[in-house]
Amino acid sequence: MTNTSSALPTFTGPVFRPGTAGYDDEVAGFQTAYTHRPDLVVGAAHAEDVRAAVEYAARHDLPVAVHSTGHGLSVAADGGVLISTRRMTDLGVDPGTRTARVGAGIRAGALIDAAVPHGLAPLNGSSLSVGVAGYHLGGGVGILARTFGYAADHVRAVELVTADGRLRRLVPGDPLFGAVLGSGGNLGVVTALELELLPIATVYGGQLTFDTPLVEPALEGWRLWTQDLPEELTSAITLMTMPDVPAIPEPMRGRYLATIAVAYAGSAEDGERLVAPLREIGPRLHDELRSMPYAQTHGIHRDPDFPHAYTASNALLSELPADAAQAFLDTTGPGATVPVVAGFRHLGGALRRRGPAGVAVDHREAEYVARFITMPEGDGTAVRDRHELIGKALSPWTIGRHLNFLYGAGDWAGEEQTRTGYDPGTYERLAALKAQHDPANLFRHNRNIHPAA
Ligand SMILES: Cc1cc2nc3c(=O)[nH]c(=O)nc-3n(C[C@H](O)[C@H](O)[C@H](O)COP(=O)(O)OP(=O)(O)OC[C@H]3O[C@@H](n4cnc5c(N)ncnc54)[C@H](O)[C@@H]3O)c2cc1C
């Protein structure tokens, strides 16, 4: 255990130590397979608490981990200081400039709730419970990603505490600004973000679900359909065997299904016309495509909203030919030795375009991302082997990985995996900035970028 008792600063928020009341609740998160076990948790109430915690950790040479919701925990802290941001819930919307200033503890759902009364929407992802800061630090693939690009490209300012204990406000043009966005907390602790909001009041979309005999035709139909779509349309397909439990409605319970999620930033009439080829695939178990207010768009992906254990990898693909789709089906389908929640998101469109701010999100030429999610099982060998098999099957088309869609700690978060998120030049740029701003690697409980030698 590290010595964290000497000269503790006075914090506005609470502090917790192992064995004290509230510690276990404070370190618990959405990911239940791994948990931070720091020697000290600072329940930061505002930026000054974060600044004081970082300064204290630096003075005592203690690693700093950051915990918001726990959706993206990658390296679980074992000792050191954990900064818990959940109390940092400042949130202001300025309809005049179409921006929001968002504290580090805000989740996507709260930001949507604050934006929609003004006829505005953020570039959130598929789940309401994901933290806004963590999402943007990994790039942020939104439900309308093909229309607007990475959410990180729409950040106007970053408020960040660096390892020297300074609170800085970064804007485009500062070398740290773009580097922070995409490098997942390696360069400091974000205390707030200023984000662009978009004038979107309604979205056409929802889900189409196909039963077992139509899973292969649905994947093939979706694959062909995505090859000629406007940027206004973003979609994904998920292939999975539904749990055989009463909570799942009877026609779907225990069945291997294909579900297509659609989000279109245009009129319902155009949306109906664009999705017509999907309906021609065959009868749907479920077909709920419709125009909906932005506040209801979380129903488009229906991510699980309860904490659970998961590990996941992904492959960014330059293209999705029939061979690649078949290889994916063969390695992830019901015959797989461990259950896999498998799927593709359609990328391309505005995601290809790089903004001027040097945001550290690469592989922008990817047209699809294949995602494979599993539950941790036994000693992990079967899961690990399955992931290797899937990765190998997709390797002819793989150009890298997207770091927001890697889940799991330990060897799920090694240097090799982190490097696959970046072009070599970007990784070198980030490692050089890390050497300049965090030479002691204080911020190492993350997908770590090692300071350049
Ligand atoms: C159900 C689900 C749905 C998702 N959907 C999408 C999606 O549609 N698109 C997408 O792009 N991603 C998606 N993600 C991935 C998600 O964006 C990442 O896992 C992200 O890291 C989660 O951030 P968090 O703050 O919620 O989680 P946390 O686990 O609390 O944080 C993850 C990591 O981010 C860093 N971090 C968080 N806050 C700060 C901060 N203030 N300062 C510095 N570092 C910080 C830390 O390294 C921390 O370990 C999804 C994840 C899940 C589990």
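Helix α4 gives the most to the shell around the ligand, with four residues. The structure is a predicted model, in which local features need pLDDT of at least 70 and side-chain atom pairs count only at pLDDT 80 or more, while totals for chains, interfaces and linings use all residues. Residues are numbered from 1 along each chain as its sequence is written. The secondary structure comes to 12 helices and 18 strands; helices (H or I, at least four residues) and strands (E, at least two) are DSSP runs, numbered from the N terminus.

**Ligand shell**

- The shell holds 33 residues around the ligand, and those that come nearest are Gly 72, Gly 125, Gly 131, Gly 134 and Gly 185. A residue is near a molecule or strand if its C-beta atom, placed from the backbone, lies within 6 Å of it.
- At least two residues of the shell come from each of β3 (64-67), α4 and β9 (189-196).
- By class, the shell has 11 nonpolar, 21 polar and one charged residues. Here Ala, Val, Leu, Ile, Met, Phe, Trp, Tyr, Cys and Pro count as nonpolar, Asp, Glu, Lys and Arg as charged, and the others, Gly among them, as polar.
- Domain 1 (15-84) and domain 2 (91-199 + 420-437) both give residues to the shell, so the ligand lies between them.

**Domains**

- The protein is divided into domain 1 (15-84), domain 2 (91-199 + 420-437) and domain 3 (202-412). These bounds come from an automatic or database domain assignment.
- Between the C-alpha centres of domain 1 and domain 3 there are 33 Å.
- In domain 1, 10 residues are in contact with seven residues of domain 3. Two residues are in contact if their C-beta atoms, placed from the backbone, lie within 7 Å.
- On the side of domain 1 that touches domain 3, the residues divide into six nonpolar, four polar and no charged.

**Overall form**

- For 453 residues, a compact globule would have a radius of gyration near 22 Å, and the protein agrees with this at 22 Å. The radius is taken over C-alpha atoms, and the globule rule is 2.2 Å times the number of residues to the power 0.38.
- Along the principal axes, the C-alpha atoms fill a box of roughly 70 × 55 × 45 Å.
- Buried residues make up 51% of the 453 residues. A residue is buried if 20 or more other C-beta atoms lie within 10 Å of its own, exposed if 12 or fewer, and partly exposed in between, with C-beta atoms placed from the backbone.
- Among contacts between residues at least 6 apart in sequence, 74% join residues at least 24 apart.

**Two helices with a buried face**

- In α9 (residues 322-332), the residues Ala 324, Ala 325, Ala 327, Phe 328, Thr 331 and Thr 332 are buried. Seen down the axis of α9, they fall within an arc of 160°, so they line one face of the helix. The arc is that of the directions from the helix axis to the C-beta atoms.
- Ala 322 and Asp 323, on the other side of α9, are exposed.
- Among the elements that the buried residues of α9 pack against are α7 (215-225), β11 (233-241) and α10 (381-394).
- In α3 (residues 108-115), the buried residues are Ala 108, Leu 111 and Ala 115. Seen down the axis of α3, these fall within an arc of 65°, so they line one face of the helix.
- The buried residues of α3 pack against β5 (91-94), β6 (99-103) and α4 (132-137).

**Residues in loops**

- Most residues other than glycine have a negative phi.
- Asp 61, in the loop between α2 (47-59) and β3, has a positive phi near 55°. With 10 C-beta neighbours inside 10 Å, Asp 61 counts as exposed.
- Arg 98, in the loop between β5 and β6, also has a positive phi, near 55°. Arg 98 is partly exposed, with 17 other C-beta atoms within 10 Å.
- Ile 281 lies in the loop between α8 (268-279) and β13 (286-287), and counts as partly exposed with 19 C-beta neighbours inside 10 Å.
- Leaving aside neighbours within four places in sequence, Ile 281 is in contact with Phe 210, Leu 214, Pro 217, Ala 218 and Gly 221. The C-alpha atoms of Ile 281 and Ala 218 are separated by 6.2 Å, although the two are 63 residues apart along the chain.
- Gly 378 is found in the loop between β17 and α10, and with 8 C-beta neighbours inside 10 Å it counts as exposed.
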